Amino acid sequence: MTLVVVIVVVLFVLTVVVKSILVIPQAQSAVIERLGRFRNVAEPGLNFLVPFFDRVRARIDLREQVVSFPPQPVITRDNLTVSIDTVIYFQVTDSRAAVYEISNYIIAVEQLTTTTLRNVVGGMSLEETLTSRDQINSQLRGVLDDETGRWGIRVARVELKAIDPPPSIQDSMEKQMRADREKRAVILNAEGQREAAIKTAEGQKQSQILAAEGAKQATIMAAEADRQSRILKAQGERAARYLQAQGQAKAIEKVFAAIKAGRPTPEVLAYQYLQTLPQMAQGDANKVWMIPSDFGKALEGFARQLGVKGDDGVFRYEPAAADVPDGRPEDDDDSIAGWFDTSTDPRIAEAVRAAEAVARREVGGPLASVPPMPEPAPEPVRPVPAQLAEDTERTQVIAPPPRPGGDEGGTELSDGRPQG
């Protein structure tokens with residue numbers, strides 16, 4: 001019997017000790033009631049209670065808690081229903097208020113979040129709802145923090161996890177986004193084509209400018225080459241004509257000198273005239289050739305006029321002493337020496353070098369200016385040689401002297417021979 005009493009006493013003492021000691025973990029608190037009334041809030045650590053009088057009403061987690069609520073249907077201002085998932089971050093700051101001011105603060109926060117969210121989103125359109133998450137979060141946090149403060153709860157953050165519009169609206173939004181992307185693609189493609197066209201036009205402009213510069217330089221070089229060619233050709237033709245005229249003059253002088261020295265008789269002149277007649281008749285226009293009947297009288301008159309009657313009764317030409325050439329006239333070689341000079345004028349060579357330097361110059365841009373070509377100095381006009389002037393004067397027709405009054409009034413032929 002004594003043993004049973006001892007055992008009962010020991011169990012009672014153990015029970016009293018267990019009920020007198022309360023250990024609260026860190027970041028938690030416990031609401032203590034004594035005989036049904038609030039006594040205090042047990043802090044983390046070792047706490048002592050009055051056995052059988054004090055009891056723990058509730059244990060409160062003081063850490064920040066995260067609660068994700070299920071999607072809530074919300075109607076926007078443009079009468080579209082969207083489903084919104086919310087996530088709330090809150091923390092219990094007053095354990096007594098969280099226990100005694102609200103029966104279940106988790107459900108209270110959920111319902112308050114739903115009603116506040118509907119009020120906030122109901123004043124926005126769908127596009128504003130989709131693009132104004134930060135604004136909605138701020139408004140929700142402000143309302144929840146004000147309302148849950150008396151519950152001993154501090155709302156730290158409110159986040160919209162998802163906003164899901166109806167499927168038809170999603171399809172329309174996808175089509176709109178696809179159209180916007182296609183629009184941007186078309187705009188970018190047009191911009192690329194525009195840039196390509198501008199670059200191509202600039203390249204063609206540069207090419208045309210360079211081609212025009214090249215054509216200009218080529219024209220200048222061709223004109224200069226043609227000018228030099230004409231000058232050299234004119235100089236060569238002038239020298240050739242002079243040499244030809246000089247040769248003809250010398251041939252005529254030699255022929256007349258030989259005729260004067262040979263003292264021709266009328267028979268020789270007549271024979272020479274007969275040899276010349278076939279050559280005169282070789283022309284295409286000479287179909288019929290008439291020999292004058294008074295040909296013999298014309299030769300006789302010519303012989304009487306120019307000749308002297310000899311001992312044998314034949315008239316022969318006797319040249320005067322002044323008419324007999326005493327030698328070959330000397331040519332004025334110094335006056336015509338420059339005619340056969342084929343060297344290039346220094347001024348022309350300088351102008352050609354300047355044109356080639358401009359043609360090889362690199363064009364810097366479309367507005368790069370090319371310096372004008374230096375104009376070559378005009379070639380001085382060379383004076384006409386005195387010998388050429390004298391030869392020109394010699395080509396004039398010299399009329400024969402009048403006949404002495406032995407023959408009756410006859411006319412002269414076109415070559416100076418008397419007729420009849």
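**Sheet, cores and a buried glutamate**

In the predicted model, three strands make up an open sheet with the order β3-β2-β5 and antiparallel pairing. The edge positions are taken by β3 (37–42) and β5 (54–61); each has a single partner strand, so one side of each lacks a neighbour in the sheet. From one strand to the next, the twist averages 25°. The pairing of β2 (residues 28–34) with β5 is antiparallel and runs over seven bridges. Within these strands, alanine 30 lies opposite arginine 59 of β5.

The largest nonpolar core comprises 33 residues, and the most contacts inside this core are made by Ile84, Ile88, Tyr105, Leu117, Ile136, Ile153 and Leu160. At least two core residues are supplied by each of β6 (64–75), β7 (81–92), α2 (95–100), α3, α5 (133–148) and β8 (153–164). Helix α3 provides the largest share, seven residues. When neighbours within four places in sequence are left aside, isoleucine 84 contacts Pro70, Pro71, Gln72, Val74, Leu117, Val121, Leu160, Ala162 and Ile163. A second core, separate and of six residues, includes Leu22, Ile24, Ile32 and Leu49. In soluble globular proteins, nonpolar side chains tend to be buried together.

Helix α3 (residues 105–122) also holds glutamate 110. Glutamate 110 is buried but forms no salt bridge. The nearest side chain of opposite charge belongs to arginine 118, 9.8 Å away, whereas a salt bridge requires a distance within 4 Å. Apart from neighbours within four places in sequence, the contacts of glutamate 110 are with Phe69, Pro70 and Gln72.

How values were computed
Residues are numbered from 1 along each chain as its sequence is written. This is a predicted model: local features need pLDDT of at least 70, side-chain atom pairs count only at pLDDT 80 or more; totals for chains, interfaces and linings use all residues. Side-chain values use heavy atoms; hydrogens and water are left out. Helices (H or I, at least four residues) and strands (E, at least two) are DSSP runs, numbered from the N terminus. Buried means under 20% relative accessible area, exposed over 50%, partly exposed in between (1.4 Å probe, protein chains only). Lys and Arg count as positive and Asp and Glu as negative; His and the chain ends are not counted. Contact means heavy atoms within 4.5 Å. A nonpolar core is a set of buried Ala, Val, Leu, Ile, Met, Phe, Trp, Tyr and Cys residues joined through side-chain atoms within 4.5 Å. Two strands pair if DSSP finds at least two bridges between them. Axes are lines fitted to C-alpha atoms, for helices over the stretch in contact, and angles run from 0 to 180 degrees between N-to-C directions.
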